[in-house]
Amino acid sequence: MKTKINIILIFSLLFSCLTAIGQTNPPPMGMPKENNKILIDKIISATEHEKYFIDYCTKKVKKYATENNWTSEKTTQILESINFKYYNYTIYNSYAFYSSDQLKKILDAVVILNKNPKNKLNMILTNSMMQNNLELFVDGIIKGKYITTK
């Protein structure tokens, strides 16, 4: 009976080691091809996504600053750390698997939608991943993770 238990324990240990060794790192973040990156940059520009990003972060930081009685110096320092270049890779990743033709159609659509003079608000495109990353980014800004000068 003891030998059966020992054999089971040895096999369990062996299989658990093999399972741990067999795990791999997640795949790298998807990035678009260079010609698609140009189209994505045009989409970002046409939708004024950077302006949306800065406005969104600014509103969230100011609200948090008011609720937590931050000094004006701290609020200013945190607001100055808002930088689109730390977030735009999320957008590139989000569009990485679209074809050039699909990206051109998206660009054409947002240009048409945002051309309407009656509409004062630009149409932007987002998805759950982009919104989740934006929320995480705002949380990081509030915690001071993006302050470059002190």
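Predicted model: local features only at pLDDT ≥ 70, side-chain atom pairs only at ≥ 80, totals over all residues.
The protein has seven helices and zero strands. Read along the sequence, the pattern is α-α-α-α-α-α-α. Of the contacts with a separation of 6 or more, 82% are between residues 24 or more positions apart. Buried residues account for 29% of the 150 residues. The exposed surface comes to about 10,800 Å², and carbon and sulfur atoms supply 59% of that area.

Next, the interior. In soluble globular proteins, nonpolar side chains tend to be buried together. Here the largest nonpolar core has 28 residues, and Ile91 is listed with Phe53, Cys57 and Tyr87 as having the most contacts inside it. At least two residues of this core come from each of α2 (34-47), α3 (49-67), α5 (88-95), α6 (100-115) and α7 (128-142). The largest share, six residues, is supplied by α7.

Helix α6 can be examined on its own. It has 16 residues and reaches 22 Å from its first C-alpha to its last, close to the 22 Å expected at 1.5 Å a residue. Which residues of α6 are buried? They are Leu103, Ile106, Leu107, Val110 and Asn114. Seen down the axis of α6, these buried residues fall within an arc of 100°, so they line one face of the helix. An α-helix has 3.6 residues a turn, so residues three or four places apart point the same way. On the other side of α6, Lys105, Ile112 and Lys115 are exposed. The cover over the buried residues of α6 includes α2 and α5.

Is Asn36 buried or exposed? With a relative accessible area of 5%, Asn36 counts as buried because that value is under the 20% cut-off. Not counting residues up to four places away in sequence, Asn36 touches Tyr98, Ser99, Ser100 and Leu103. Leu103 is also one of the buried residues of α6.

The remaining topic is charge pairing. Side chains of opposite charge can pair when their charged atoms come close. The count of salt bridges comes to four. Among them is the pair Asp55 and Lys51, with N to O at 2.8 Å. Both residues lie in helix α3, four residues apart, about one turn of the helix. Asp55 is partly exposed, with a relative accessible area of 32%, and Lys51 is partly exposed at 48%.

Helix α3 also holds Glu67 and Lys63, again four residues apart, about one turn of the helix. Glu67 forms a salt bridge with Lys63, and the closest N and O atoms are 3.7 Å apart. Both Glu67 and Lys63 are exposed.

Another salt bridge joins the side chains of Asp139 and Lys143, at 3.1 Å from N to O. Asp139 counts as partly exposed at 34% relative accessibility, whereas Lys143, at 56%, counts as exposed.

Definitions and conventions: Residues numbered from 1 in each chain as written. Heavy atoms only, no water. Core = buried A, V, L, I, M, F, W, Y, C linked by side-chain atoms within 4.5 Å. Buried < 20%, exposed > 50% of the residue type's maximum accessible area, 1.4 Å probe, protein only. Contact = heavy atoms within 4.5 Å. Areas by Shrake-Rupley, 256 points an atom, 1.4 Å probe, with all protein chains shown as cover. Expected span 1.5 Å × (residues − 1). Arc of directions from axis to C-beta.
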